[in-house]
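Please examine the protein shown below.

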Amino acid sequence: MITLQNKQNEYIFTKVLDNEDMNMKIVTRIDTIGDKMNHTTNVKADTTLPDIIQYPEFQELSGIINEFCRDCSNKLQYEHPNHVSRANSPVWYDAYIKSLQVSVMWGTRYESGEVTIPHNHWPNTWAFCYYIDPPENCSGLIFPDSDYELKIENGMLVLFSGHMIHNTLAKEFRGNRYCVAGVIR
């Protein structure tokens with residue numbers, strides 16, 4: 001867990017997954033689908049439609065993300081002294097933590113020099129990014145309000161509050177930078 005020093009002491013949770021079979025299927029699917037958004041979103045790179053959760057490899061990733069999100073959300077309750085009592089309540093857990101799930105996800109394929117402009121995913125509770133074999137020298141995940149760049153690696157799953165502004169920078173690299181991103185409600 002990374003705590004960013006800004007006005008709200010934001011948390012970023014990371015986990016590295018070791019599932020190369022799933023990764024290979026995700027990359028193949030992103031390549032097969034291709035660019036459906038025509039660089040019209042915050043992502044100025046090839047982007048699928050936000051409906052890829054229908055495919056088995058993305059359903060598998062979604063299940064992993066749901067579990068990670070619930071674990072991280074529950075952990076946050078123990079970070080605040082006023083929240084400990086509700087963290088131990090099964091009724092509260094079922095209503096507010098267990099109900100969290102990936103609602104939308106999309107796949108991206110960046111080429112050298114492509115960027116994501118600063119944005120957030122408010123009013124969603126959480127946002128996530130999952131990286132597959134990022135090329136050397138490509139942009140990390142930037143959180144400009146905290147002046148922080150998270151260095152990414154293969155299999156890295158990143159979970160952060162939906163209101164956090166984030167982006168990538170234009171950098172020169174070889175190959176493609178694959179990312180699956182989405183939101184949790």
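**Briefing on the predicted model**

Cys 129 is buried, as its relative accessible area is 6%; buried means under 20% relative accessible area, exposed over 50%, and partly exposed in between, with a 1.4 Å probe and protein chains only. The structure is a predicted model, in which local features need pLDDT of at least 70, side-chain atom pairs count only at pLDDT 80 or more, and totals for chains, interfaces and linings use all residues. Residues are numbered from 1 along each chain as its sequence is written, and side-chain values use heavy atoms, with hydrogens and water left out.

**Surroundings of Cys 129**

- Cys 129 is placed in strand 5, which covers residues 126-132; strands (E, at least two residues) and helices (H or I, at least four) are DSSP runs, numbered from the N terminus.
- Residues up to four places away in sequence aside, Cys 129 touches Leu 141, Met 156, Leu 157, Val 158, Phe 160, Cys 179, Val 180 and Ala 181; a contact means heavy atoms within 4.5 Å.
- Cys 129 and Gly 182 are 53 residues apart along the chain, yet their C-alpha atoms are separated by 6.8 Å.

- A search of the whole structure finds zero disulfides, a disulfide being a pair of cysteine sulfur atoms within 2.5 Å.
- Cys 179 takes part in no disulfide, and the nearest cysteine sulfur, that of Cys 129, is 4.2 Å away.
- Cys 179 is buried, with a relative accessible area of 5%.
- For Cys 72, the closest cysteine sulfur is in Cys 69, at 7.0 Å, which is too far for a bond.
- Cys 72 also counts as buried, at 4% relative accessibility.

**Overall fold**

- The protein has four helices and nine strands.
- Its radius of gyration is 16 Å, close to the 16 Å that the globule rule gives for 185 residues, so the protein is as compact as a globular protein of that length; the radius is taken over C-alpha atoms, and the rule is 2.2 Å times the number of residues to the power 0.38.
- Along the principal axes, the C-alpha atoms fill a box of roughly 50 × 35 × 30 Å.
- Of the 185 residues, 46% count as buried.
- Among contacts between residues at least 6 apart in sequence, 78% join residues at least 24 apart.

- Ser 73 lies in helix 2, which spans residues 56-79.
- With a relative accessible area of 5%, Ser 73 is buried.
- Leaving aside neighbours within four places in sequence, Ser 73 is in contact with Ile 97, Leu 100 and Trp 126.

**Backbone features in loops**

- Trp 122 and Pro 123 are joined by a cis peptide bond, with omega about 15°.
- Pro 123 is found in the loop between strand 4 (102-110) and strand 5.
- Asn 38 has a phi near 55°, a positive value in a residue other than glycine.
- Asn 38 is placed in the loop between helix 1 (20-33) and strand 3 (46-47), and is exposed, with a relative accessible area of 57%.
- Asp 133 likewise has a positive phi, near 45°, in a residue other than glycine.
- Asp 133 is found in the loop between strand 5 and strand 6 (141-143), and counts as exposed at 57% relative accessibility.
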